[in-house]
Amino acid sequence: MVIEIPRGNFLKRGSNGHVDFISPLPCPFNYGSVPEFLGLDGDLLDALVLGPRLPLGTRIRVKAWGAVMLTDRGMTDDKLICCERSPTLREREDVLRFFRFYAKCKELLNIWRRRPGRNACDGWCDATQALARARPRNDSWKGSPIEF
């Protein structure tokens, strides 16, 4: 995966590198994407790495232990949860708590931007389920077909 938002950063960047928004709160995880896969929203498959801050642009190979099923504007937007070792129950709960809060914030942002659709955190699933929903990226992909 590639780190697009280092832990503690306030800038939310998309896979194209452009700033989507400036968060009032720092990102609690290293957040990025898996360049080889596309999620159901047509953008690169999202992933986060638990642990210490990693620099912007870091390419890291790390195991995905699960995924958070997020719905953004009615579209499934899986987030792989990666770590050097299996996340503790507390870490899993913290990740879910963050994404429940994030979904509420994104709902408000989407209302302000006049972008309809359901926003919610639909829980935790196995990483293999999220990867099964993803599709391999090919050379014809030119970026997300959806404006975020």
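I take a residue as exposed when its relative accessible area is over 50%, as buried when that area is under 20%, and as partly exposed in between. The model I am reading is predicted.

**Entry: confidence**

I looked up the pLDDT before reading any detail. The mean for the chain is 91, and 98% of its residues reach 70 or more. I noted that strand β8 (residues 79-82) has the highest confidence, at 98, whereas β3 has the lowest, at a mean of 79.

**Entry: two arginines with positive phi**

I returned to Arg114 and located it in the loop between α1 and β9. Its phi is near 60°, a positive value in a residue other than glycine. I then found Arg73, which is not a glycine either and has a positive phi of about 55°. Arg73 lies in the loop between β6 (64-72) and β7 (75-76). Is Arg73 buried or exposed? At 16% relative accessibility, Arg73 counts as buried, since the limit for that class is under 20%.

**Entry: the largest pocket**

I next examined the open spaces. The largest pocket has a volume of about 520 Å³. I counted 35 lining residues, of which Gly14, Ser15, Asn16, Asp20 and Asp43 are the closest to the centre of this pocket. The elements that give two or more residues to this lining are β1 (2-5), β2 (11-13), β3 (19-22), β4 (30-38), β5 (44-49) and α1 (89-112). By class, I recorded 11 nonpolar, nine polar and 15 charged residues in the lining of the largest pocket.

**Entry: the second largest pocket**

The second largest pocket has a volume of about 370 Å³. It is lined by 20 residues, and those closest to its centre are Phe21, Ser23, Leu25, Phe98 and Tyr102. Here I listed β2, β3 and α1 as the elements that give two or more residues to the lining. Which element gives the most to the lining of the second largest pocket? I found that it is α1, with seven residues. The lining of this pocket has 16 nonpolar, two polar and two charged residues.

**Entry: aromatic rings**

I found five aromatic pairs in the structure. I checked the accessibility of both partners. Phe29 is buried, with a relative accessible area of 8%, whereas Phe98, at 21%, counts as partly exposed. I also noted that Phe29, Phe98, Phe99 and Tyr102 form one aromatic cluster.

**Entry: two tryptophans**

I looked at Trp65 and found the charged end of Lys63 over its ring, 4.2 Å from the ring centre. I then turned to Trp124, which lies in strand β9 (residues 120-125). Trp124 is buried, with a relative accessible area of 18%. How many residues apart along the chain are Trp124 and Val68? I recorded 56 residues, with their C-alpha atoms separated by 4.6 Å.

Technical notes
Residues are numbered from 1 along each chain as its sequence is written. This is a predicted model: local features need pLDDT of at least 70, side-chain atom pairs count only at pLDDT 80 or more; totals for chains, interfaces and linings use all residues. Side-chain values use heavy atoms; hydrogens and water are left out. On a 1 Å grid over the protein atoms alone, a cavity is a set of points where a 1.4 Å probe fits but cannot get out, and a pocket is an open set with protein on both sides within 12 Å along at least five of seven lines; lining residues have an atom within 4 Å of a point. Grid points are joined across faces, edges and corners, and a volume is the space filled by probe spheres set on the points. Helices (H or I, at least four residues) and strands (E, at least two) are DSSP runs, numbered from the N terminus. Ala, Val, Leu, Ile, Met, Phe, Trp, Tyr, Cys and Pro count as nonpolar, Asp, Glu, Lys and Arg as charged, and the others, Gly among them, as polar. Rings of Phe, Tyr and Trp (its six-membered ring) pair if their centres lie within 6.5 Å; planes under 30 degrees apart count as stacked, over 60 as edge-to-face and the rest as tilted. Buried means under 20% relative accessible area, exposed over 50%, partly exposed in between (1.4 Å probe, protein chains only). A charge sits over a ring if NZ of Lys or CZ of Arg is within 6 Å of the ring centre and within 35 degrees of the ring normal. pLDDT is the predictor's confidence in each residue, from 0 to 100.
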